[in-house]
Amino acid sequence: MKNKLFIDDEDFEIDIVDKVDVDVEDMTESELIRELSVGYPFLSLTTTGMGEVELKYDNIGRIVVKRIDSSKVSTIWLKDVDNILWGQKTQTFINSDSGFVKCSKRTSFSVNYNLNKQLNLVAPSRKIWNLWCKGLGILITTGREDDNSTVLLRYQLQHWLSVAELTDRLTFDQISNLLSVINIKPSKSFVQKCIETVDDNGNGLLDFKEFTQLIKHLRKRDEILNEIFEEHTDDKKKMFISVEHLKIFFETVQDESYTYDEILEICSKYVKDEQNAETFSSKNRIFLPETFSQILSDPDFNCVINKSLLEDVYQDMTQPINMYYINSSHNTYLEGNQLSSRSSVCAYSRAFLQGVRCVELDCWDGSDGRPIITHGGTATTEMLFEDAIKIIRKYAFIASEYPVVLSLEVHTSIEQQKEMARIMVEQFKDYLPPPIWFTKPDVLPSPEELKGKILLKGPILNPKDPKVAKELSKIIWMPTKGFNSFSKEFDMKKKKPWYCTSFVEDNKYLSNFSSMSKLNQQQFSRIYPKGLRIGSTNYNPELGWRGGCQLVALNTQSRGKYLFINQGKFLNNGGCGYILKPDILRISKVDPKTFHKDIRFKTKFSITIYSARQLPKLSESTSIINPRVDIILSGMPQDSYTKSTKKISGNGFNPYWGQKFTFNIVLPEAVTLLLMIVDVDESMINIGGNVPVAYYSIPLPLIRQGYRVIPLYNCKSCRLIPMCDLFCKFEIDNVRVEKKKKRSLTDRVASLGNSSSNNNN
């Protein structure tokens, strides 16, 4: 599998893992940074034209782009780069009519960043292309592999340079300004306290070493030492904790079992100072509070997510494919709103890299006989159908080997349908399986059987729809059909599991969970946003999931809590894009609307929100945020909740809440937890003043119990925020049912089905 950071143009015939030029690969990081810091001329392409720019690297992790004609300067953080495309694969390059550009394929590349932004460049020579295109990739990869201490040092250096100017000491006013920059509203007494805490020589000024100590001091989580350690230490003076009590703590609180030697090995990573090293090697085997705090604060060791379930496909993938939720996208080709935004092939590559397995193609007649993709009847731009198919072929199986569904909305003439069919047969070849409706099986094949296949969903030629080319019809795997009524659809003699019916989000039938579940045990259904969502906003995907709908399509180009919930749900099962539906949606004898009344066993889920670290401002120029945490549980109606913490005024760097929330859950395997931090602006509260800042979304079954560190993602870019996290405690009773020798939900639901069957007999 290729490195996702680099995507090479197929005409280059280069494997980026094995054939990076020796001169660039053999440079040290400092040599590479020095070379890139010089500044080089490039030709920059945008949708409005071309211009000359100077590119250089600024030593703190940014690409600086200076326009030659206007001296306008912009920057791109390396941490925000999604990938680097070698050659001319973006829509801007494809649409360019410049002869010079078309002859410069081997010196062209594109930087995709912040999910929907691009920098399209032509280097003046192959040597400079090699230095920048591959050199940037090496720096980005190295940065993502840096340990936490390196990332923290880079963060400290970045903020030191922002306020220190030409001096090597920070004054009182500069420290006050620095605290504002890092998202703390400082009083004079607070600034003075900060200085006194780290000012070793007492001169009232901070050098860089003292400044780094201040950042580390502010990042400390006092609740771990003041509350959690004191609760679990076996020392009456609260000075240390023994290895025996650490073992008890891991087992009873963290729900993890370690041997004596394993605990010593864990602790050895955090034993730094001489005193602690001495006690570590002595017979007493005791550890200071700082070691305990470092263990619980470690975002790698103590991450909230069960990484084995995150990385591995662990669910049964041999069930019929309509028994799974499938990660789905609506109007995939658009990069923005539904009326005037750009259509781009990069939108497809981005969707696949994010784990989407069903993408949409709105197909229309092109003026030159070549079919196009666009949002018909709007001012959105066009792209060639063939370009989309090529990019789909290239990216379809990078993130997952399980089948891809192409949802074809066909508005083309018969002749251009034939051209569509020719292109797909030519490009996909063996990726296309024989249409399932040819053989008319009673049960559909499984995702396991369909690995590496591209399934076409669209119209087929029949008496009701004669305007379909037979060439297209014979490669459609999943035919589409309309919907009459549940009574007619449930005629088992006419069961046709290969069909797919589409429902708009506000269709009245979606609220009938029982009937929708029964329908989706027989066939496919796709849910899509209503046409009034011109801003590409999203609906609540639970509207479809609760009735067992497989293809619940969202606008993945937009942001918001419903997209975040979708992201969290599909983290499950190794992120393969397929989630096995709960038993209640796969067993015909069970009614998903009333099943909870028959289940006596419920899960008690508690979360304590303690503190956050280094939350971002909404922008560099905005004021300090007032953070609040929204706790959103998304699942069946009886399992859906929204609660909020109090607001913390004027502190986005290390806010502390210390609030506990408890919920009763009936169907935990169907629940997704979304933690969203918002900036509360009381003056704007009546006009949507609460602005999302950061979030994390996770399926309930993947949560590790106990005290955990939660990484946070930026609500605008959906990118991980370096050094930013949330500290919480999770208590989950009766979720680990196998371990506690209690009946699993599968057994309990099956018994309900048997009971119903016996009653019918």
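Reply:
**Charged pairs, up close**

Let's begin with Lys 451, which is partly exposed at 29% relative accessible area (buried is under 20%, exposed is over 50%, and partly exposed is in between, using a 1.4 Å probe and protein chains only). A quick word on what you're looking at: this is a predicted model, where local features need pLDDT of at least 70 and side-chain atom pairs count only at pLDDT 80 or more, while totals for chains, interfaces and linings use all residues. Residues are numbered from 1 along each chain as its sequence is written, and side-chain values use heavy atoms, with hydrogens and water left out.

Back to Lys 451: its partner in a salt bridge is Glu 401, with 3.3 Å between the closest N and O atoms. (A salt bridge here is a side-chain nitrogen of Lys or Arg within 4 Å of a carboxyl oxygen of Asp or Glu.) The two sit 50 residues apart, in distant parts of the chain: Lys 451 is in the loop between α19 (436-439) and β16 (454-458), and Glu 401 is in the loop between α17 (385-395) and β15 (404-410). (Those helices, H or I with at least four residues, and strands, E with at least two, are DSSP runs numbered from the N terminus.) Glu 401 is partly exposed too, at 44% relative accessibility.

Now try another pair, Glu 360 and Arg 526, whose side chains form a salt bridge at 3.5 Å, N to O.

Arg 628 is buried at 17% relative accessible area, and Asp 630 counts as buried at 8%. There's also a joined-up group: Arg 221, Glu 223, Arg 613 and Asp 725 are linked in a network of salt bridges. In total, the structure holds 22 salt bridges.

What about a charge without a salt bridge? Glu 542 is buried yet has none, and the nearest side chain of opposite charge, Arg 546, is 4.1 Å away. (Lys and Arg count as positive, Asp and Glu as negative; His and the chain ends are not counted.) Glu 542 lies in helix α23 (residues 542-545). Leaving out residues up to four places away in sequence, Glu 542 touches Ser 634, Gly 635 and Ala 670, where a contact means heavy atoms within 4.5 Å.

A search of the whole structure finds 30 aromatic pairs (rings of Phe, Tyr and Trp, taking Trp's six-membered ring, pair if their centres lie within 6.5 Å; planes under 30 degrees apart are stacked, over 60 edge-to-face, and the rest tilted). Phe 397 and Tyr 431 have ring centres 5.4 Å apart and planes at 65°, so they are edge-to-face. Phe 397 lies in the loop between α17 and β15, and Tyr 431 in the loop between α18 (414-428) and α19, so this pair ties together parts 34 residues apart in sequence. Phe 397 is buried at 18% relative accessible area, while Tyr 431 is partly exposed at 30%.

For a bit of helix, look at α12 (residues 260-268), where the buried residues are Ile 263, Leu 264, Ile 266 and Cys 267. Down the axis of α12 they fall within an arc of 160°, so they line one face of the helix; the arc is that of the directions from the helix axis to the C-beta atoms. The face turned away from that buried side carries the exposed residues Asp 261 and Glu 265.

Finally, step back to the whole protein chain, which has 25 helices and 29 strands. Buried residues make up 55% of its 761 residues. Of the contacts between residues at least 6 apart in sequence, 67% join residues at least 24 apart.
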